[in-house]
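The sequence and the structure come first.

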Amino acid sequence: MTPTWEGGSEPPAFEPTLGDWVRILLRGVPLALVTFGCLALLLLVRLIERPVFGLKRPVTPYITQFVCRSAFVIMGMRHRVRGEIMTQRGAIVANHASWLDIFALNAPKRIYFVAKAEVAGWVGIGWLARATGTVFIRRARQEAARQKLIFAARLRAGHKLLFFPEGTSSDGLRVLPFKPTLFAAFFEDGLREGMHIQPVMVRYKAPDGARPDFYGWWGDMGFAPHLLKTLAAKRPGAVEIIYHRPVAVADFGDRKALARAMEDAVRGGLAQISSEEI
């Protein structure tokens, strides 16, 4: 989830007006109260949930979903879901445009993100990620075997893991090439048979009069300025989550073929709906 894509021209620095600050406070204070209040509740519930259920989390994901759904109500953003969420055991892969993806993808479905290790150290986001069961990984060859074991344990526990195969966020107007590395875990013995992967498209509509890439978060953009800009929008835009047909891992010969198929599905979905209104 680190914003490192440099392919687009970044918007000018956000300089809040008095009216912007009023909207930021009216939305930001309730959002913080809901987010961190529910985080405290989640941590209390985990004191019981963890020793009793181990990796399984029968209660706390509902708290996470409540926060994410509430966030869009507080921000005034429309949130729409199209397609059917898969019921089979497996994982989800999606394009990555913004830190808002975390809220957008968690709102309709109980999922667990897979993120780069450095995210764990981010103030605010890192705390939330750890509390909600995010799997942190290091993109190093010596870590590959250990990470496969972690993925296998989580998937066998019934968790739906969500990957961002692009490896970075973009402006939300395109799909970057999917990296096949993490797909290797799905081909482990005991996992490949019966495992399904569902491609998902995350699409944002900018506020009226704003740049189409308003919600994109990339390059050298800081989290705090982007958050303030999002909260300050006079007429907030929208986000749409589109669930494409899941595929069986066993139908693919290797991780590269699977990664290509998932990328084609997400990219094709973006091309098909780019002219539609949310």
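The sections below describe a predicted model.

## Helices H1 and H6

Two packed helices are described by the angle between their axes and the distance between the axes. Helix H1 covers residues 18-53 and helix H6 covers residues 223-232; their axes come within 8 Å and cross at roughly 100°. Angles of 65 to 115 degrees count as roughly perpendicular, and H1 and H6 are therefore roughly perpendicular to each other.

On the H1 side, the contact is made by Asp20, Trp21, Arg23, Ile24, Arg27, Gly28 and Leu31. They meet Leu228, Thr230, Leu231 and Ala232 of H6. By class, the residues of this contact are six nonpolar, two polar and three charged.

## The largest pocket

The largest pocket holds about 590 Å³ of space. Its lining is made up of 29 residues, and those nearest the centre are Thr35, Phe36, Phe103, Ile125 and Leu128. Two or more lining residues come from each of H1, helix H2 (60-75), helix H3 (100-106), helix H4 (125-131) and H6.

H1 contributes the most to this lining, with eight residues. The lining of the largest pocket has 22 nonpolar and seven polar residues, and no charged residues.

## The second largest pocket

For the second largest pocket, the volume is about 390 Å³. It is lined by 17 residues, with Pro11, Pro12, Ala13, Phe14 and Lys229 closest to its centre. The lining of this second largest pocket divides into eight nonpolar, three polar and six charged residues.

Key. Residues are numbered from 1 along each chain as its sequence is written. This is a predicted model: local features need pLDDT of at least 70, side-chain atom pairs count only at pLDDT 80 or more; totals for chains, interfaces and linings use all residues. Side-chain values use heavy atoms; hydrogens and water are left out. Axes are lines fitted to C-alpha atoms, for helices over the stretch in contact, and angles run from 0 to 180 degrees between N-to-C directions. Helices (H or I, at least four residues) and strands (E, at least two) are DSSP runs, numbered from the N terminus. Angles under 35 degrees count as roughly parallel, over 145 as roughly antiparallel, 65 to 115 as roughly perpendicular and the rest as oblique. Contact means heavy atoms within 4.5 Å. Ala, Val, Leu, Ile, Met, Phe, Trp, Tyr, Cys and Pro count as nonpolar, Asp, Glu, Lys and Arg as charged, and the others, Gly among them, as polar. On a 1 Å grid over the protein atoms alone, a cavity is a set of points where a 1.4 Å probe fits but cannot get out, and a pocket is an open set with protein on both sides within 12 Å along at least five of seven lines; lining residues have an atom within 4 Å of a point. Grid points are joined across faces, edges and corners, and a volume is the space filled by probe spheres set on the points.
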